[in-house]
Structures are given as structure tokens and as C-alpha cells.
Amino acid sequence: MHKTPTEKNSDQLIDAILEGIHRIKGMDIVKIDLTKINHSECNYFIICHGNSTTQVDAIAHSVEKTVEEMVGETAWHKDGYENSIWVLLDYADIMVHVFQHESRKFYDLENLWADAAIEKIQTEN
């Protein structure tokens, strides 16, 4: 099956996002595929968490830096750096959510979008 240019770009962007998360040891990474969900804001959510505001901040900055290095894109919008409890990076078709563990459990995006295809991403130990 051949991929469209947009799908290839999404794959490259997802790879760069995941690399940025891996570099700072983001935990419990999931990719939520929203492409089959009607009226969703974007095509994918990438979600992970860190153990502290320092780690959340570092993961989000690593994603930004890695995406720029690997695919030359910058986030259209970013929010949450002020307190680093939940940082959102908006790459149009892909939204990256970097949480502190407690906030991730509270907002529970995985269950909110449970009808979407959810893929757990393996991390290297």
C-alpha cells in the first residue's frame, strides 16, 4: 500500500517526536490514531509523561528540538511551559501531550479517546 505525501510526512514527524521523547526518557508513550474518528481536531495524539516538572519541560523541549533537526518543522502552537504539568505541542495533524504522571491520570486522555486505535510505543531500557 502506497502512502500519500501527507501520510509520509506524518510518519516522519511521528518518528521525530518519538525520538525527542526517547532522548529524555519519557514514559508510557502511546500513539492514538484519530483518523477514523469523526470531527477530531487532528489525526494523532502522542502522549507520554515525566516524573517532575523539570523532566516534562525537558521532554517537550527535546521534542521541539528533535523535530526541527529531523524534519525542519516547528510547533504551530505550544502551551503549558509556564508550570510544566501538561505541555501541549501542536503540529497541526499531530498533538503531543507531555504530562506529569498525576495530571496524566487525572485527565485520562487514553480513556477519553478509547474508541480510537491506541498503540503503546516500546521504549529502550
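**Strand S4 and its neighbours**

Me: Which residue in S4 is the bridge partner of Asp-79?
Reply: This is a predicted model, in which local features need pLDDT of at least 70 and side-chain atom pairs count only at pLDDT 80 or more, while totals for chains, interfaces and linings use all residues. Residues are numbered from 1 along each chain as its sequence is written, and side-chain values use heavy atoms, with hydrogens and water left out. Strands are DSSP runs of E with at least two residues, helices are runs of H or I with at least four, and both are numbered from the N terminus; two strands pair if DSSP finds at least two bridges between them. S3 (residues 77-79) runs antiparallel to S4 and is joined to it by three bridges, and the partner of Asp-79 in S4 is Leu-88.

Me: Which residue of S5 is the bridge partner of Tyr-91?
Reply: S4 is also joined to S5 (residues 94-100), again antiparallel, by six bridges. The two strands form a hairpin with two residues between them. In S5, Tyr-91 has as its bridge partner Ile-94.

Me: Is Ser-84 buried or exposed?
Reply: Most residues other than glycine have a negative phi. Ser-84, in the loop between S3 and S4, has a positive phi near 55 degrees. Its relative accessible area is 5%, so Ser-84 is buried.

Me: What is the relative accessibility of Ala-92?
Reply: Ala-92 is found in the loop between S4 and S5. Although not a glycine, Ala-92 has a positive phi of about 65 degrees. Ala-92 counts as partly exposed because its relative accessibility is 23%.

Me: What radius of gyration does the chain have?
Reply: The radius is taken over C-alpha atoms, and the globule rule is 2.2 Å times the number of residues to the power 0.38. For 125 residues, a compact globule would have a value near 14 Å. The chain agrees with this, at 14 Å.

Me: What pattern does the chain follow along the sequence?
Reply: The chain has four helices and six strands. Read along the sequence, their pattern is α-β-β-α-β-β-β-α-α-β.

Note on methods: Buried < 20%, exposed > 50% of the residue type's maximum accessible area, 1.4 Å probe, protein only.
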